[in-house]
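Here's a quick briefing to read with the model open beside you. Grab your viewer and follow along.

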Amino acid sequence: MSKPLKQIHLAAHFPGVNNTTVWSDPAAGSHIEFSSFAHFARTAERAKFDFLFLAEGLRLREQGGKIYDLDVVGRPDTFTVLAALAAVTDRLGLTGTINSTFNEPYEVARQFASLDHLSGGRSAWNVVTSWDAFTGENFRRGGFLPQEERYSRAKEFLATAHELFDSWRGDEILADQATGAFLRNARAGAFTHRGQHFDIEGRFNVPRSPQGRPVIFQAGDSDEGREFAAADADAIFSRYSTLKEGQAFYTDVKSRLAKYGRRPEELLILPAATFVLGDTDEEAAELAHEVRRQQVSGATAIKHLEFVWNRDLSAYDPDGPLPDVDPVVAEEHISRGRAQVRMYRDPVAIAREWRQLAEANKWSIRDLVIHTGNRQTFIGSPATVARTINEFVQADASDGFILVPHITPGGLDPFADQVVPLLQEQGVFRADYEGTTLRDHLGLAHPDAGRRSGAPAERAERAAS
């Protein structure tokens, strides 16, 4: 007997200005005006996507002490944008990245509970930690926490936020106009938390929201990040774009759930995915090549090479050969605020490998960056892309994808108009929303339903331990 077809989850990421988007394309619009966010969200909702996702940039990244064309625009405040989008959408989930290193549980819990009320139960929180002191310079706390303590703080942060959400059961508001009684329980919202990172006591002033708690996302790929997701997240982002790598990540993360009393379907795995569509596969391949050349200008190629070489390479010709000097291995790095630098743990070995690749393929610096950098995940006709996405999901390489178009705000429109109808015809994607909350869209139980092992307070206590 063949197993039933899995339903695909789709979401949309508004990427802002980075090496994925092509801000210089004539079709590109503003990355900060609300009209761009509204267009993008309405397209995602028209296509019946689960949610829209916003990343967070707390500091503009620098290279050699300067910002450059890929990073000249920061991210508007997440809560402000999502609250505004709640007013122009009806069903689309609203997911925001909020840092647990530089915020406080009461403030964040209050903001997400408010967003959940304003949106009718569509809020989600991507819980992240900060990894560098450079970003921390914008905050009093700075970047003093090593990785293990950042995750310890994040776990307690989330557990504390859960205690705040759960300080209201949901039945306290009586609002009896005849008697003038507003609350059934005058202790509503009372909380006390004593822990390593937080010592707070008081009253949470936002009543229980439609979802009880926001949907929780996690984005870390380290062992600590995977464990954090297995214990408490509802969804985890993945950076693996090939079938084999996706299946390995999927199996590893899902296998961690049982020790937390959770079932595999209680954690969704959603890789980010870029795409290029064409009338034919051949046309799409040509377009993808042009997109990559737009994404990697000569100046950008040099900047990317500096990530590895950790030295000023501005004198080199991007259309010429790679430097014959070795990278500078030092604690201080020429690029600040970019997570990519952590990928190159042995820069000398990477440089040697890249020189060999460039020599074998007769690649210039720009050619090398184009071929070794992030490339489009799905390239082809709408039929090819729809088929490939479905193959990944049915083969347990993911539960769906978070789509990142290279043009904003209109880059999602072709996918919505051409690929989504094909997935609907195959019976693997919804024709319409069946519920009103993001938990409904994702097939997740309400926290009050008692589906997960342990009561909410017990889960919070476990997460903090």
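Leu158 touches Trp125, Val127, Ile216, Phe228 and Asp232, not counting residues up to four places away in sequence; contact here means heavy atoms within 4.5 Å. Leu158 sits in helix H5, where helices (H or I, at least four residues) and strands (E, at least two) are DSSP runs numbered from the N terminus. This is a predicted model, in which local features need pLDDT of at least 70 and side-chain atom pairs count only at pLDDT 80 or more, while totals for chains, interfaces and linings use all residues. Residues are numbered from 1 along each chain as its sequence is written, and side-chain values use heavy atoms, with hydrogens and water left out.

**More on Leu158**

- Leu158 counts as buried, at 1% relative accessibility; buried means under 20% relative accessible area, exposed over 50%, and partly exposed in between (1.4 Å probe, protein chains only).

**Confidence**

- The protein chain averages a pLDDT of 89, and 91% of the residues score at least 70; pLDDT is the predictor's confidence in each residue, from 0 to 100.
- Over residues 451-465 pLDDT stays under 50, and the model has 31 contacts beyond four places in sequence for that stretch.

**Helix packing around H9**

- Helix H9 (residues 298-309) packs against helix H11 (residues 365-372) at an angle of about 70°, with the axes 9 Å apart. Axes are lines fitted to C-alpha atoms, for helices over the stretch in contact, and angles run from 0 to 180 degrees between N-to-C directions.
- H9 and H11 are therefore roughly perpendicular to each other. The cut-offs are under 35 degrees for roughly parallel, over 145 for roughly antiparallel, 65 to 115 for roughly perpendicular, and oblique for the rest.
- On the H9 side, Gly298, Ala301, Ile302, His304 and Leu305 meet Ile365, Arg366, Leu368 and Val369 of H11.
- By class, the contact of H9 with H11 has 6 nonpolar, 2 polar and 1 charged residues. Here Ala, Val, Leu, Ile, Met, Phe, Trp, Tyr, Cys and Pro count as nonpolar, Asp, Glu, Lys and Arg as charged, and the others, Gly among them, as polar.
- H9 also meets helix H10 (residues 347-361): their axes come within 9 Å and cross at roughly 135°. That makes H9 oblique to H10.
- Leu305, Val308 and Trp309 of H9 make this contact with Pro347, Ile350, Ala351, Trp354 and Arg355 of H10.
- The residues in the contact of H9 with H10 divide into 7 nonpolar, no polar and 1 charged.

- Ser167 is in the loop between helix H5 (147-165) and strand S6 (173-176), and Ser167 is buried, with a relative accessible area of 13%.
- The side chain of Ser167 reaches the backbone oxygen of Leu164 at 2.7 Å. A polar contact is a pair of N or O atoms within 3.5 Å; within protein, one must be able to donate a hydrogen and the other to accept it, and residues adjacent in sequence count only if both atoms are side-chain atoms.
- Setting aside neighbours within four places in sequence, Ser167 is in contact with Glu172, Ala188, Gly189, Ala190 and Phe204.
- Thr89 is in the loop between helix H2 (78-86) and strand S4 (93-99), and Thr89 counts as buried at 3% relative accessibility.
- A polar atom of the Thr89 side chain lies 2.7 Å from the backbone oxygen of Leu85, and the Thr89 side chain also makes a polar contact with the side chain of Arg122 (2.8 Å).

- Asp317 lies in the loop between H9 and strand S14 (335-336) and is partly exposed, with a relative accessible area of 46%.
- The side chain of Asp317 reaches the backbone nitrogen of Asp319 at 2.9 Å.
- Glu33, in the loop between strand S1 (9-14) and helix H1 (34-46), is partly exposed at a relative accessible area of 48%.

**Backbone details to check**

- The peptide bond from Thr408 to Pro409 is cis, with omega near 5°.
- Ala175 lies in strand S6, and its phi is near 50°, a positive value in a residue other than glycine.
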